[in-house]
Amino acid sequence: MAKIAKKKAAARAAFAGKAFLPVEDAVALVKANASAKFDETLEIALNLGVDPRHADQMVRGVVTLPNGTGKDVRVAVFARGPKADEAKAAGAEIVGAEDLMESIQAGNIDFDRCIATPDMMPLVGRLGKILGPRNLMPNPKVGTVTMDVKSAVEAAKGGEVQFKAEKAGVVHAGVGKISFEPEKLAENIRAFVDAVNRAKPSGAKGTYLKKVSISSTMGPGVSLDLTSATAQG
């Protein structure tokens, strides 16, 4: 425990007084102080000037990170017949219909992305209270309700990240692994920030993008210079 406490104290000291850093400097700082024994995720959090409780201020979307997430994404697909076969061939770990619904209702949610063909949505709709809060509910707006099951599964496994604003107007996601090269993490960060910027809702008033911070899974966070955090930065 003492050794862990020393690492945390050292990390806090390294971050002390540092804020609004250029993306490359922030990535270097986070990478240098990621001390967990596993390959931590680089996490990003964006504070937005929106109130998602209002429909015209909801922020939601999807982005394919140029360098992937580094995560082994487990995909569940609601489909029948040839589309179920298509999902399995594309690499989906879990495929089913009523049996999958019952499994989820029983508390078995061993997947990171849920895809459904349109005809399955009356069935999937019964799972809204379970999948919704976990941001797993299939939605045509982000391409997870589709007849093109093959492409959806491949996208999920190839670096596609969904995002959705929480109640406080915060969007967060994993944008790579600490083991990634710094320039690849910087590219992913800018791609994610730009995607959230493009998803600005019609009802957003005043400053939309207020603050962007990054951290490793177990480490402290540091805020980014907003100009540097865009693809043009």
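Two strands pair if DSSP finds at least two bridges between them. Strands (E, at least two residues) and helices (H or I, at least four) are DSSP runs, numbered from the N terminus. The views below come from a predicted model, in which local features need pLDDT of at least 70 and side-chain atom pairs count only at pLDDT 80 or more, while totals for chains, interfaces and linings use all residues. Residues are numbered from 1 along each chain as its sequence is written, and side-chain values use heavy atoms, with hydrogens and water left out.

**View 1. Strands S1 and S7 run antiparallel, side by side.**
Look for Glu43, whose bridge partner in S7 is Gly174.

**View 2. Four strands form an open sheet.**
The strands follow the order S7-S1-S8-S9, with antiparallel pairing. S7 and S9 (221–223) stand at the edges with a single partner strand each, so one side of each has no neighbour in the sheet. From one strand to the next, the twist averages 25°. (Axes are lines fitted to C-alpha atoms, for helices over the stretch in contact, and angles run from 0 to 180 degrees between N-to-C directions.)

Contact here means heavy atoms within 4.5 Å.

**View 3. Val175 is a buried residue.**
Beyond its neighbours within four places in sequence, Val175 is in contact with several residues, including Leu42, Leu65 and Phe192.

**View 4. Arg53 and Asp51 meet in a salt bridge.**
A salt bridge is a side-chain nitrogen of Lys or Arg within 4 Å of a carboxyl oxygen of Asp or Glu. For this pair, the N to O distance is 2.9 Å. Arg53 is exposed at 69%, whereas Asp51 is buried at 17%.

**View 5. Glu98 and Arg80 form another salt bridge.**The N to O distance is 2.4 Å. Glu98 lies in helix H4 (residues 98–105) and Arg80 in the loop between S3 (75–78) and helix H3 (81–90), so the pair ties together parts 18 residues apart in sequence. Glu98 is partly exposed at 36%, and Arg80 is partly exposed at 41%.

How values were computed: Buried means under 20% relative accessible area, exposed over 50%, partly exposed in between (1.4 Å probe, protein chains only).
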